[in-house]
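Hi there,

Here is the structure I promised to pass on. Have a look, and then read on for what I found in it.

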Amino acid sequence: MFGAVVVGMGTAGSVRIRDMLAPLPGSTAEKFAVKGFVSRRSLETQQGVSQIPVEEALSREDIHVAFICTENASHEDNVRMFLQAGKHVCVEYPMTTNNKTAVELWDLAQEKGVILHEEHIELLTEDYNQLKREIEGKILQEGTLHFTGGPLKPGFGFPAFSGIARLTWLVDLFGKLSVTAATLEEDSAKSYSKMTVKLLTSENRPLTWIEERQPHLPRSKNIHFQFESCSLTQIPSVPRGKVGLFMQDLIHFSAKLVGQVIPDESQREKVRILHCLELADTIQQLCQS
Ligand code: NAD
């Protein structure tokens, strides 16, 4: 069994506790035993699980794994602290809000001989997987992914990082990308922001990624992908799967811990994650220059 601690008691942290308390029967997620949670606030017991000081979480020998579920800006420090203590780490995306530290953290995990896993539930949804199947084999001419949503709370970082899930979709669908231009339009009085990014695939096909946020903007993703043979303008509407997204991620992480994920697959994931963070870094620099 892997003793686990959850760091950060927001939406994601509560779901992590819920899933570890009721793992999918017969799955490797049953290998976790939640030992406590860490929070900067002083909280009551959550779902029967007690708060413990961070020092205790780092030093206890029966705690082998940390789930980092805080706001993005504090992922880096938490991940580093738990890796240094020799614990396996599962961090909610994005791992960091800059690429350089992500590389350092991965090196640290390797040095310590522990698993570092970044959650990407956006790749696990039924509609995304249907979209991916529909795109397979088609030749892209150009495309747009436009995300809208409400403003984020402080601490979630620059839009290229807080929106890494959309960038991850584009990289997972179309392969390695490069950034040709990026701008950020902001109106703080209206809590409005719009980031527009121009990307190129390795076949020089243009992609546009837009992240737009404002109070009351509905959370949605609009696509327009033009292929040689057809165009796709809607994300397929597919019923949700029986297994929740965070549970699927928990199973994937636990499979890595018990050695059921082949190193090639983990390596491909790492390459994709670092490529996305590197793109996000470039986008931030272009927007701010
Ligand atoms: P959240 O705002 O619910 O929580 C973020 C942090 O704020 C946590 O550390 C939490 O303890 C703290 N917090 C929450 N309420 C607080 C309060 N009243 N006072 C003081 N602190 C408070 O955010 P979240 O949705 O849990 O996101 C956490 C991480 O998970 C982020 O990195 C996010 O990108 C990632 N993530 C979340 C989801 C999701 O569906 N919620 C999906 C994928 C990734």
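Which strands does helix α3 (residues 75-84) lie across? Helix α3 lies across β1, β3, β4 and β5, and runs at about 170 degrees to β4. Before going further: this is a predicted model, where local features need pLDDT of at least 70, side-chain atom pairs count only at pLDDT 80 or more, and totals for chains, interfaces and linings use all residues. Residues are numbered from 1 along each chain as its sequence is written, and side-chain values use heavy atoms, with hydrogens and water left out.

Now the sheet. Five strands form an open sheet in the order β2-β1-β3-β4-β5, with parallel pairing (strands pair if DSSP finds at least two bridges between them). At the edges are β2 (32-38) and β5 (116-119), each pairing on one side only. From one strand to the next, the twist averages 20 degrees. Between β1 (residues 2-7) and β2 there are six bridges, and Gly3 has Ala33 as its bridge partner in β2.

Next, two helices. The axes of α1 (residues 11-21) and α8 (residues 245-257) come within 10 Å and cross at roughly 65 degrees, which makes α1 roughly perpendicular to α8 (65 to 115 degrees). Residues that meet there (contact means heavy atoms within 4.5 Å) include Val15 and Met20 in α1 and Phe246 and Leu250 in α8.

Finally, Ser188 sits in the loop between β7 (177-187) and β8 (192-201). Its relative accessibility is 71%, so Ser188 counts as exposed (over 50%).

Best wishes

How values were computed
Helices (H or I, at least four residues) and strands (E, at least two) are DSSP runs, numbered from the N terminus. Buried means under 20% relative accessible area, exposed over 50%, partly exposed in between (1.4 Å probe, protein chains only). Axes are lines fitted to C-alpha atoms, for helices over the stretch in contact, and angles run from 0 to 180 degrees between N-to-C directions. Angles under 35 degrees count as roughly parallel, over 145 as roughly antiparallel, 65 to 115 as roughly perpendicular and the rest as oblique.
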